[in-house]
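Have the viewer open while you read.

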Amino acid sequence: MPALSRQGIDKHTIEFNVASSLLSATGLRKSFSNNPVLKDVDLSVAPGEIHALVGENGAGKSTLIKILAGVHKADAGEIKLAGRKLVLKTPQDAIANGIVVIHQELSLAPHLSAEENIFLGHFPRTGFGTLDRTAMRTTTRQLLERLKIEIDPTIPVARLSIAQQQMIEIAKAISFNARLLVLDEPTAVLDSGRVDTLFELIGRLRAEGIGIIFISHHLDEVFRISDRVSVLRDGQLTGVADITSINKDWLISKMIGRKFERHDAQARATGEAAVELMALSAPGAFEDVTFSVAKGEIVALAGLIGAGRSEVGEAIYGLRKPNAGALRIFGKDVRRSNPRYAAAKGVAYVSEDRKALGLLANRPVRENATIAALARFCRLGFVGIAKEKAFVGSSISELDIRLASMEANIATLSGGNQQKVMLARALATKPKILVFDEPTRGVDIGAKREIYRFIEMLASEGVAIVMISSELEEVLRLADQVVVMRQGRVTATLPKSEASEETIMRAASIGA
Ligand SMILES: Nc1ncnc2c1ncn2[C@@H]1O[C@H](COP(=O)(O)OP(=O)(O)OP(=O)(O)O)[C@@H](O)[C@H]1O
Ligand SMILES: [Mg+2]
């Protein structure tokens with residue numbers, strides 16, 4: 001097999017010096033119930049190198065780093081760190097050897113303080129064996145100072161923003177004396193300002209000689225910070241290159257194995273108003289928000305994280321109670337809404353936080369896709385399995401969800417494919433109004449285009465779409481109208497013709 005799987009690997013890179021390698025993983029293989037997910041994959045990282053790992057959803061990126069993290073055991077292959085062969089049976093083994101992974105889903109204990117989180121599992125002890133709070137505080141302050149992280153380490157993590165929590169996770173990793181730090185899609189939850197801060201931090205770690213593996217679906221980020229890149233496709237390594245020797249087209253062709261077709265948006269006719277917000281306010285969330293979405297129209301809510309966009313989406317779906325102003329759905333005043341009522345009016349909602357608000361953990365994909373629309377598949381109180389399966393089957397092919405079977409546990413799907421199941425769920429209700437909060441989070445670039453096409457198709461069928469997105473490219477590509485929010489207020493309402501990166505960013509950051 002090795003000969004076959006190594007075929008087509010494009011080594012644009014200058015010959016890698018094995019002597020200077022920090023991580024050298026070779027011939028890694030992994031199958032899940034006879035389904036090969038990694039096929040003889042090599043990966044090497046030098047000290048002080050930022051190595052990007054890219055590939056489509058389900059390509060095997062997370063699986064690869066879970067092997068490095070001691071979460072999964074490889075079926076074959078070898079992992080060496082600084083020339084020493086490692087046997088990683090548990091995450092503790094990996095950490096003890098200086099390999100620290102920050103997974104796609106953050107894992108801090110929300111009720112503990114930042115410093116307690118940093119030292120969870122390796123608290124400093126006094127001579128009497130009790131917790132040495134003074135040492136913990138001093139070490140934490142030194143650590144945060146060294147990393148230039150400005151966060152009060154004594155407040156509970158639950159009160160920190162996602163970006164701050166991520167910083168604390170990184171500080172925690174460094175407190176374990178990490179030599180190799182692995183970040184699985186760290187920027188997926190950050191807006192552009194926060195991404196800059198994260199990259200500065202990563203840059204400081206690189207300067208200290210720490211090796212970094214960075215996973216991202218944002219290719220511009222890959223070009224911005226990485227030194228080298230490895231590409232996975234269907235569990236095979238298809239390319240390794242110095243970042244300066246390649247371009248975006250090369251990366252994409254290695255990722256998807258074909259040339260990428262551009263697709264331009266078409267103009268759509270829009271109809272009567274579907275959703276209208278008139279000076280709508282919700283305490284502590286947003287104030288005086290006015291905009292309307294017509295049938296067949298895509299309205300994007302743009303702005304920085306924390307601007308109140310998600311809260312507006314929640315209000316439309318009845319998850320958040322407004323205290324002033326009006327909300328109308330198909331011309332009818334909605335006074336006291338709740339998700340049940342909203343769903344009955346044809347509203348569907350895809351949350352940005354699929355883990356907390358969406359997925360039925362450890363249930364089959366089929367149930368996850370149809371839970372919101374069971375009534376549609378029921379007759380005389382029984383779920384019509386055949387009808388249900390037909391729907392799920394067609395969603396799987398329409399959205400190109402990669403999975404073993406529709407009975408597979410949702411937890412076994414890759415991050416991007418879980419996201420697509422959430423989209424399928426919303427569509428199962430045949431909505432007339434769709435609220436999408438970050439619909440393409442964690443989705444690879446090929447699948448993104450598919451989802452865009454899909455959203456446009458829904459709009460052309462008359463569905464009114466409210467899309468909350470932190471990706472400017474996505475907003476500019478899809479939206480007929482862009483509503484920009486800042487600190488809970490609307491700072492600009494831009495028709496497509498006036499929406500540009502500049503006008504949106506200005507309204508989002510300085511409110512003018
Ligand atoms: N615990 C598991 N059991 C069974 N299959 C799994 C398990 N974990 C991952 N897989 C499968 O392995 C494949 C690779 O998944 P992985 O999570 O590594 O992809 P990824 O490259 O990280 O994708 P994404 O960009 O969507 O996060 C997928 O087909 C996935 O369904
Ligand atoms: Mg992943």
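Is K448 buried or exposed? K448 is buried, with a relative accessible area of 7% (buried is under 20% relative accessible area, exposed over 50%, partly exposed in between, using a 1.4 Å probe and protein chains only).

Some ground rules before the points. This is a predicted model, where local features need pLDDT of at least 70 and side-chain atom pairs count only at pLDDT 80 or more, while totals for chains, interfaces and linings use all residues. Residues are numbered from 1 along each chain as its sequence is written, chains are lettered from A and ligands numbered from 1 in the order in which they are written, and side-chain values use heavy atoms, with hydrogens and water left out.

1. Let's stay with K448. Its salt-bridge partner is E471, with the closest N and O atoms 3.1 Å apart (a salt bridge is a side-chain nitrogen of Lys or Arg within 4 Å of a carboxyl oxygen of Asp or Glu). K448 sits in helix α17 (residues 445-460) and E471 in the loop between β21 (464-468) and α18 (472-478), so the pair ties together parts that are 23 residues apart in sequence. Helices (H or I, at least four residues) and strands (E, at least two) are DSSP runs, numbered from the N terminus. E471 counts as buried too, at 18% relative accessibility.

2. A second pair to look at is R366 with E388, whose side chains meet in a salt bridge at 3.4 Å, N to O. Here R366 is in helix α13 (residues 365-370) and E388 in helix α15 (residues 385-398), so this bridge ties together parts that are 22 residues apart in sequence. R366 counts as buried at 12% relative accessibility, and E388 is buried with a relative accessible area of 2%.

3. Which residues join R366 in a network of salt bridges? Bridges that share partners link R366, E388 and E407 into one network. Over the whole structure, the search finds 18 salt bridges.

4. R328 and D333 also form a salt bridge, and their closest N and O atoms are 3.8 Å apart. R328 is partly exposed, with a relative accessible area of 28%, and D333 counts as partly exposed at 33%.

5. Now a lysine without a bridge. K30, in strand β2 (residues 23-32), is buried yet has no salt bridge; the nearest side chain of opposite charge, D75, is 4.1 Å away. For the charges, Lys and Arg count as positive and Asp and Glu as negative, with His and the chain ends not counted. Leaving out residues up to four places away in sequence, K30 touches N35, P36, V37, L38, T63, I67, H72, K73, A74 and D75 (contact means heavy atoms within 4.5 Å).

6. How many aromatic pairs does a search of the whole structure find? It finds two. One is F199 with F214, edge-to-face at 5.8 Å centre to centre and 80° between the planes. This pair links distant parts of the chain, with F199 in helix α7 (residues 192-207) and F214 in strand β9 (residues 211-215), 15 residues apart. Both F199 and F214 are buried. As for cut-offs, rings of Phe, Tyr and Trp (its six-membered ring) pair if their centres lie within 6.5 Å; planes under 30 degrees apart count as stacked, over 60 as edge-to-face and the rest as tilted.

7. For Y317 and Y349, the ring centres are 5.1 Å apart and the planes at 15°, so the pair is stacked. Y317 is buried at 17% relative accessible area, and Y349 is buried at 15%.

8. On to ligand 1, which 18 residues surround; the closest are K61, T63, T412, S414 and G416 (near means that a heavy atom of the residue lies within 4 Å). An oxygen atom of ligand 1 is 2.7 Å from an N or O atom in the side chain of K61. The corresponding distance is 2.8 Å for the side chain of S62 and 2.9 Å for that of H217.

9. Last, backbone angles. Most residues other than glycine have a negative phi. N34, in the loop between β2 and β3 (35-45), has a positive phi near 70° and counts as exposed at 78% relative accessibility. K148, in the loop between α5 (133-146) and α6 (162-175), has a positive phi near 55° and counts as exposed at 58%.

How values were computed:
A polar contact is a pair of N or O atoms within 3.5 Å; within protein, one must be able to donate a hydrogen and the other to accept it, and residues adjacent in sequence count only if both atoms are side-chain atoms.
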